Amino acid sequence: MSESVLKIRDLRVTFNTQLGELRAVRGVDVDVTPGEILGVVGESGSGKSVSFLAAMGLLPKSATITGSVELDGVELIGAGRKAIRSVRGKSLAMVFQDPLSALNPVHRVGDQIVEMIQSHQDMNTHDAGKKAIELLEIVGIPQPDERALQYPHEFSGGMRQRVVIAMAIANNPKVLIADEPTTALDVTVQAQILEVIQRVQQTFGTAVVLITHDLGVIARVADSVNVMYAGRNVESGSVQSIFDHPSHPYTRGLLSSLPHEGIERLHPIAGFPPNMLAPPSGCGFAPRCQHAIEACSAELPSLSPFEDLLTSCIRADELRVGRRS
Amino acid sequence: MNTQSDALLSVRNLVKNFELRANSGLRKTKRIVQAVADVSFDVKVGQTLGLVGESGSGKTTVGRSVLQLIQPTSGEVIFEGQDLTKMSFEQLRDVRRQMQIVFQDPFASLDPKMTVGSSIAEPLVVQGVAGNHQDKVAELLDLVGLAADHAKRFPHEFSGGQRQRVGIARALALDPKLIVLDEPVSALDVSIQAGVVNLFSDLQKRLGMSYIFIAHDLSVVRHIADHVAVMYLGKIVELGEKDAVYRNPSHPYTKALLSAVPLPDPKVERSRHRIMLEGDVPSPVNPPTGCRFRTRCWKATDLCAAEEPQLVVRPTGQQSACHFPE
């Protein structure tokens with residue numbers, strides 16, 4: 001395994017709200033190796049987006065962030081605004097769910113890409129314009145020279161997301177964070193956008209963090225997977241291992257709650273996610289887990305090696321018998 | 001088309017046009033969007049019709065036209081032998097108690113200032129149903145897997161999945177024969193979604209009502225539906241029994257749609273052949289001539305532009321509208 005390009009250690013994010021301290025992220029480690037696609041999966045409120053917004057320095061002031069986020073050996077947590085700005089959009093870029101809110105409606109898309117290039121590179125406007133058109137071509141926009149002169153409202157949802165990806169890769173980032181990039185799109189368009197992301201990763205060797213709630217998307221494009229629950233990473237491993245022999249009861253529950261051919265009844269996970277204003281003392285999943293014992297609520301399990309996975313379940317070894325496959 | 005005998009609902013040649021008015025200050029323009037363009041289907045007693053398609057396909061408009069929540073431009077909506085489009089407002093009110101709808105967003109469909117109990121009892125009050133509403137509410141809450149004392153609480157005290165159950169309880173209040181489920185689980189997390197989908201199946205087994213299940217998630221529809229209609233730009237392009245449509249898709253669009261859905265299995269995902277459609281769905285203001293799918297179809301010829309294909313029964317049992325079916 002090569003050295004991580006993005007290394008997150010014991011990241012914690014707490015929001016001060018009127019109702020008290022909301023502990024959205026409670027000690028997360030992430031390793032992204034160069035050129036890989038890391039899928040981060042979890043349900044709403046699991047802390048998957050907040051973790052990476054924290055890494056990007058994009059959280060509001062009400063958030064208290066501790067821990068470490070290293071991009072290529074440079075620490076980002078606690079770095080000054082100027083230092084973060086020089087990284088954000090350059091070596092660390094992000095694509096969001098809604099492409100329309102990521103684009104400025106009153107500027108031509110070509111100009112917006114030029115602005116992105118010139119804010120990090122010393123390039124004259126003519127060359128940057130040429131580069132912008134090249135980028136639009138890379139992300140699969142037909143007639144890029146004409147489209148560069150158009151405004152965001154003249155593009156369809158899928159085409160807008162391509163523009164946003166073109167902007168994100170304008171400065172050849174080492175890591176591209178894509179937060180639910182296809183959730184707002186139709187499936188046939190989603191397939192196109194996933195292909196663009198894969199092409200970017202293969203052509204430029206960009207590492208991609210793909211945040212999604214859709215296990216199908218993960219199965220299609222991810223190399224490795226982090227499963228998040230209640231602000232913690234509950235299981236990590238290669239995509240094949242996670243789907244083949246998941247060891248954490250939450251991962252197993254998530255996979256078996258999906259409809260697939262030939263089953264009569266679906267298998268939901270009982271209960272609902274915990275209130276992060278008062279998260280459970282031990283394993284976050286214990287209140288919903290059918291295998292929970294007293295020890296599970298006693299202390300937070302840590303992510304430890306189990307077979308070819310990393311899992312945070314104290315009973316992983318006992319539960320190995322009788323699992324999905 | 002199926003025989004009318006066991007059909008609870010028959011929709012014939014349904015058309016819904018919306019007018020788009022643009023006022024640029026200099027001149028007014030009027031354009032017409034044909035959201036639903038000549039759609040016919042049946043829903044049988046105690047069965048589920050899945051309505052699938054991408055955004056702009058007209059599936060939601062079909063659901064609302066069936067319930068007369070929006071007035072169809074033309075066509076017939078025959079519910080238990082009566083054409084709803086020809087009814088007066090008063091007549092419709094009587095029929096409406098037999099037809100209900102559950103919406104996608106359980107946060108927007110409940111009044112935050114009303115207790116859950118009064119939300120569920122509201123249809124009973126509106127329809128002037130006599131009897132003890134409290135008991136009925138308790139019974140309905142039990143039916144959807146909530147506790148009777150939940151009636152006193154307010155929507156904000158519930159999770160998304162529980163709110164959706166409240167919405168279902170309200171839809172069940174008047175013992176409807178048909179429920180339109182418009183993306184009822186799309187806003188829910190998968191682990192919660194499974195429980196609500198099971199609830200729909202259980203309720204149908206116990207109470208025998210029919211569903212029109214509108215969704216963009218093809219795997220959920222495959223799980224719950226008996227028949228499936230695939231819509232594209234206001235038209236049904238394929239219609240038939242679920243297994244026929246999913247196993248042997250006949251229309252190229254159905255085939256492409258099924259192959260675009262990511263399946264939760266890395267081995268399958270990495271080995272299967274995927275049909276990649278080019279571009280986006282065209283604007284319904286100015287749909288393509290002939291077959292509406294031809295601009296994205298890899299099989300399209302001059303014939304497809306010249307002549308609109310009609311729904312034809314295929315050897316595998318379903319109907320599809322294509323000059324060059326699979």
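**Note on a predicted two-chain model**

1. In chain B, the cover over the buried residues of helix H3 includes helix H4 (133–143) and helix H5 (160–172) of chain B. Those buried residues of H3(B), which spans residues 116–126, are Val116(B), Gly117(B), Ser119(B), Ile120(B) and Ala121(B), where buried is said of a residue with 20 or more other C-beta atoms within 10 Å of its own, exposed of one with 12 or fewer, and partly exposed of one in between, the C-beta atoms being placed from the backbone. Helices (H or I, at least four residues) and strands (E, at least two) are DSSP runs numbered from the N terminus. Just after H3(B), Gly128(B) takes a positive phi of about 65 degrees.

2. Please keep in mind that this is a predicted model, in which local features need pLDDT of at least 70 and side-chain atom pairs count only at pLDDT 80 or more, while totals for chains, interfaces and linings use all residues. Residues are numbered from 1 along each chain as its sequence is written, and chains are lettered from A and ligands numbered from 1 in the order in which they are written.

3. Chain A is divided into domain 1 (6–222) and domain 2 (228–319), with bounds that come from an automatic or database domain assignment. The C-alpha centres of these two domains of chain A lie 28 Å apart, and their contact takes 22 residues from domain 1 and 16 residues from domain 2, two residues being in contact if their C-beta atoms, placed from the backbone, lie within 7 Å.

4. On the side of domain 1 of chain A that touches domain 2 of chain A, two or more residues each come from strand E2 (20–32), strand E3 (37–41) and helix H8 (215–221) of chain A. The largest share, nine residues, is that of E2(A).

5. E2(A) also pairs with strand E1 (residues 6–17) of chain A in the antiparallel sense, over 10 bridges, where pairing asks that DSSP find at least two bridges between the strands. The two strands, E1(A) and E2(A), form a hairpin with two residues between them, and Phe15(A) has Leu22(A), in E2(A), as its bridge partner.

6. Between the chains, 34 residues of chain A are in contact with 30 residues of chain B. Helix H7 (187–204), H8, helix H9 (239–244) and helix H10 (249–256) of chain A each supply at least two residues of the side of chain A that touches chain B, and H7(A) gives the most, with seven residues.
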